Amino acid sequence: MAGRLTARYVAGRLAQLAFVVLGVTVATFGLLHLVPGNPARTLLGVHATAGEVAYLSREWGLTRPLPVQYAGYVGRLLHGNLGTSVYYQAPVAGLIGHALPVTLAMLAVGAVFGTAFSVPLALLAATRPGRPADHLVRAVPMAGLGMPPFWIGFILLLVFALTLRVLPAGGYGSTPAAHLESLILPGLTVAAVTTPVLVRSLRLALLEVLGGDFVTAATARGLTRARVLLRHALRNTMVPAVSVLAVNLGYLLGGTVVIENVFGLPGIGRLLLTGILNRDFDIVQSVTLVYALLVVLINLGADLAYAALDPRVVLGR
Amino acid sequence: MRDTTARSAEAVLEIRDLSVTYGGRPPVRAVRGVSLRLARGEALGLVGESGCGKSSLARALAGLEPAEGQVMMNGRPLPHRRTREQARRVQMVFQDPYASLNPRMTAVQTVAEMLRVHRLRPKDQIAERARELLDLAGLPSQVADTRPAALSGGQRQRVAIARALALEPDVLVADEPTTALDVSVQAVILELLAHLRETLGLALLLITHNLAVVSAVCDRAAVMHSGEIVEQAAVPALLASPQHPYTRRLLAAVPRLGPPPG
Amino acid sequence: MTRTLAAGLALLAVIAGMVACAPLLAAHNPGQQDLLHVLAGPSAAHPLGTDDLGRDIWARLLYAGRADLAIGFAAVAAPFVIGSALGLLAGYFGGWPDAAIMRVLDIVVAFPFYVLVIAVVFALGAGVGSIFIAITAVGWVSYTRIVRGEVLVAKRLGYVQAARAAGLPAWRILLRHLAPNVLSQAVVYAMSDIVLTILAVVTLGYLGLGVQPPAPEWGAMMQAGEPYLSIHPALATAPGVAVVVTGLALSMIGDGLAAGLGI
C-alpha cells in the first residue's frame with residue numbers, strides 16, 4: 001500500500017486545521033481582553049488620559065458586545081486586514097509581508113546547518129553505541145537544551161563578529177549577498193537550538209533501524225556498509241526525525257524571536273518585540289497570529305508528508 | 001407470586017439477550033445476544049478461544065462495559081451504571097496478577113479500601129477483617145503488609161481474590177485467573193476458588209480457554225464462539241458427548257479430555 | 001542512582017548553596033553603585049569586575065540566581081498540577097471532556113512557546129506575576145499530554161478495572177489509584193521543564209519583560225551587558241555561564257531520573 005494519504009485523511013486533517021485556526025483567532029482576539037478593565041486602557045498604557053481612552057473605545061468599537069467585536073475581527077482578517085500600526089503608521093499586513101521572508105530565510109539556513117550538524121553526529125553515535133563517541137554525542141542534547149538561544153547567539157557574535165571580524169555583527173544588509181552573509185550567524189544559532197533535539201531522535205531512530213532486518217539483509221546482499229547507512233538506514237530515519245522536529249516546532253520557532261533580536265534581523269520576531277516595546281497592539285496581535293498559522297501549516301505539511309511516506313500512520317488520536 | 005418471579009429467584013444471575021458492541025468503523029459486535037443463568041452456589045464455566053467475546057461478556061457483567069439486553073440480579077435488573085450497592089454484587093478476578101493490584105498499596109490496604117468505601121465494617125474493625133479475608137484467600141500473614149512488587153504471581157492472585165470477596169458479592173467472575181500463573185500454582189488457585197464457592201455459597205463464573213480448568217471446578221459449562229453461546233451442558237455430559245462441532249474441535253485439542261474413541 | 005543523576009544533584013546543590021549564601025559569598029550589596037569605578041576588570045574587591053553603574057558583578061550574579069531559581073521552580077508547580085489534573089480527567093473519562101481538553105490543547109500548541117509567553121506577558125504587563133500566569137497558560141499542555149497517555153494505558157489495567165467494578169467513586173480512582181502510578185513520567189518531565197522555564201524567565205528578562213531592573217536577574221543582566229559585549233564581555237557572559245551551568249545541572253538530573261525509571 002502506498003501510504004494512507006487518502007481523501008478521507010486529508011479531509012479530516014483539514015477539518016481539524018480549520019477548528020484550530022478558529023481557536024487561534026479566538027485566542028489572539030482574547031489577548032486584548034485578557035486584562036481586567038478597559039481594553040483601551042491596556043492599549044494606551046497607564047499614561048493615557050481618560051479622554052484618549054474614551055476616544056479609542058468609541059473608535060474601535062470596544063464598547064460593543066464581545067461576540068460582535070469578535071465577528072468584526074474575523075471579518076477584518078478574512079479581508080486580509082491585519083490592522084494598522086500606530087507606531088509605523090502603516091498596515092500591519094505590509095510590515096509582516098516584509099518581515100516574514102527574513103524569518104523564513106533564517107529558518108531555511110538554520111535547517112541546512114542543523115541537518116549538516118546532526119546527521120553526521122547521529123551517525124557517529126549510532127554506529128558506535130556505548131563507545132566514547134556515543135557518550136560525547138549524547139551529552140550534546142543535555143548541554144544544548146540548557147542554553148538559552150540568545151546565549152548561543154552571544155557566543156557566536158563574540159567569536160565571529162567581534163573577535164575574528166569575519167561576519168557582520170547584525171542587520172540584514174541591502175544586497176542578496178549581504179542578506180546571505182547576515183543569515184549565517186543567526187542560522188547557526190537556529191541550528192544550535194535544533195541540533196540537540198534532532199541528534200537525540202535521529203540517534204534513537206538510527207539505532208532501531210540499524211538493528212532491523214532489512215539492514216542486515218542489505219549488508220548480506222553485498223552492499224557496502226557506507227551505502228547501507230546512507231541509502232537505507234538514513235532514509236528510514238528521516239521520517240521520525242522530521243516528525244520530532246515538527247512536534248518541537250513551537251519551541252524552535254519561538255526561539256527565533258529572541259535570535260532575531262540578538263542579531264538585529266528585521267524578521268517577524270523582531271517586529272513582535274518592537275510592537276511590544278511601542279505598545280503597538282495590532283502588530284503584537286497579528287504577528288502572534290502569523291506565528292500560530294506558520295506552526296499549523298508546517299505541522300499540516302509534515303503530517304501529510306508523513307502519511308504519504310509511512311504506510312502505518314492512521315488518522316486518530 | 002407470579003411464576004416468572006419465582007423462577008428468577010432461583011437464579012442469582014440471569015442474562016437475557018446480552019450484546020456488547022464496540023464503536024469504531026465498522027463496529028464490532030463482540031457479544032451477540034447471549035442468555036445465561038447462574039444459580040446460587042453454582043460454578044459455570046465459560047469456554048472459548050481468545051477473541052470469542054468471553055472477556056467482553058465478563059466485563060459487561062461487572063459493569064465495566066455498556067451492553068444491550070438485560071442483566072437480572074436476584075430477580076432485579078442490574079443496569080450498566082450501578083449504585084455502589086449494586087456494583088458490589090458482581091466482582092471480578094482478572095487474568096494478569098501483575099497488573100491487577102495497585103503497585104502503591106499493600107495487600108491489607110488493597111482489601112481494606114473496599115471495606116472502608118462500602119462501609120462493610122466499623123472503622124476499627126476494618127484492618128482485622130482485611131487480614132481475615134487475606135487469610136481466607138490463603139495469603140501468608142507475613143506478606144500482608146507488603147506491596148505487590150514483593151509478591152509472587154500466585155500470592156497476588158490471592159490478594160485479588162480477597163479484594164473481590166471483601167465486598168461479599170453474589171457472583172464472582174474469574175477471567176482466566178490461572179492463565180498467567182506457573183503450572184504448579186494454577187491447581188492451588190483453582191482449588192481455592194472451588195473451596196470458596198462451597199464454603200461461601202458463591203456463584204462462580206469461570207472464564208477460560210482451558211477445558212481442563214472447567215472440568216476441575218465447574219458443574220456446568222457454556223461454550224462460546226464468535227460472540228454466541230453455541231452449547232450449554234453439565235460438564236460430564238459436555239465432555240462425554242459434545243453436540244456442537246466447535247465444542248468437538250475444542251475437545252480434540254485437549255486429548256486427555258476428549259471423548260473416548262468409538 | 002545513576003552517575004548522571006548524582007552529578008546533576010551535586011552541581012545543583014552547589015549552585016543552590018551559593019545563591020542561598022549570597023550575603024556571605026559577596027562582599028558587596030548587589031544594588032550598590034560606584035560611579036567612579038564603572039566597567040572595571042576583575043580585582044580583589046570585585047572578583048568579576050563591575051558593571052556600567054559600578055555594581056559588583058559577582059554579587060549581582062549570586063542574587064540574580066536567587067530570583068531565577070526561585071521563579072523557575074515555583075513557575076513549574078502550577079502547570080504541573082493543572083496539566084496533570086486535566087490529563088487525568090481527559091484520559092480517564094474520555095468522551096466530551098477529553099475532546100474539549102484536547103481541542104483547547106491543539107490551539108495552545110499552535111502558538112510557539114516564546115511567542116505566546118511574550119504575548120501574554122505583554123497583555124498583562126511585565127513582571128513576576130505575569131511570568132507565572134504566562135508560563136502556566138502555555139506550560140500545562142505537556143503535562144496533560146504525558147499524563148493522558150499514561151492514563152489511557154493504566155486505566156485498562158486490572159487494578160483500575162477492579163476499582164471500577166467495586167463501584168469506587170471516580171475521584172477516588174483518579175487520586176488513589178491512577179495519580180500515584182501515572183505521575184512519575186510527569187515528574188521526570190518537570191525536571192526538564194524547569195530548565196525550559198528558567199530559560200524562559202531569563203529570556204523574558206533579556207527582552208525586558210521579566211524581573212524589572214534594578215533587581216538583579218540573569219537575563220536582565222545579559223541585556224544590560226549586551227552593548228559592552230566587545231569591550232567588557234564579562235558583563236553579559238558571566239550570567240550566561242551561570243544559566244548554562246544551572247541548565248546543565250537540571251538536564252543531568254532529568255536525564256538521570258529518566259534513565260533510573262527506565263524511560
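**Entry 1: the A–C interface**

I began with chain A and chain C, which bury about 3,900 Å² between them, with carbon and sulfur atoms giving 81% of that area. Buried area here is the accessible area (1.4 Å probe) that two parts lose on being put together, summed over both. I noted that A:Met142, A:Trp151 and A:Phe154 supply 17% of the area that chain A buries against chain C, more than any other three residues.

Before going on, I wrote down the ground rules: this is a predicted model, where local features need pLDDT of at least 70, side-chain atom pairs count only at pLDDT 80 or more, and totals for chains, interfaces and linings use all residues. Residues are numbered from 1 along each chain as its sequence is written, chains are lettered from A and ligands numbered from 1 in the order in which they are written, and side-chain values use heavy atoms, with hydrogens and water left out.

Next I looked up contacts (heavy atoms within 4.5 Å): 45 residues of chain A touch 41 residues of chain C.

**Entry 2: charges and elements**

How many salt bridges lie between chain A and chain C? I found one, taking a side-chain nitrogen of Lys or Arg within 4 Å of a carboxyl oxygen of Asp or Glu. A:Arg200 and C:Asp255 form a salt bridge through their side chains, at 3.6 Å, N to O.

I then listed the elements giving two or more residues to the side of chain A that touches chain C; among them are helix 1 (7–33), helix 7 (149–163) and helix 11 (249–263) of chain A. Helices (H or I, at least four residues) and strands (E, at least two) are DSSP runs, numbered from the N terminus. Helix 11 of chain A gives the largest share of that side, nine residues.

**Entry 3: strands of chain B**

I moved to chain B, where four strands make an open sheet in the order 2-1-4-5, with antiparallel pairing. Two strands pair if DSSP finds at least two bridges between them. The edges are strand 2 (28–39) and strand 5 (76–77) of chain B, each pairing on one side only.

Elsewhere in chain B, strand 3 (residues 43–47) runs parallel to strand 9 (residues 220–225) over four bridges, and B:Leu46 stands opposite B:Ala222 in strand 9. Strand 9 of chain B is also joined by six bridges to strand 10 (residues 228–234), running antiparallel; there B:Ala222 stands opposite B:Gln232.
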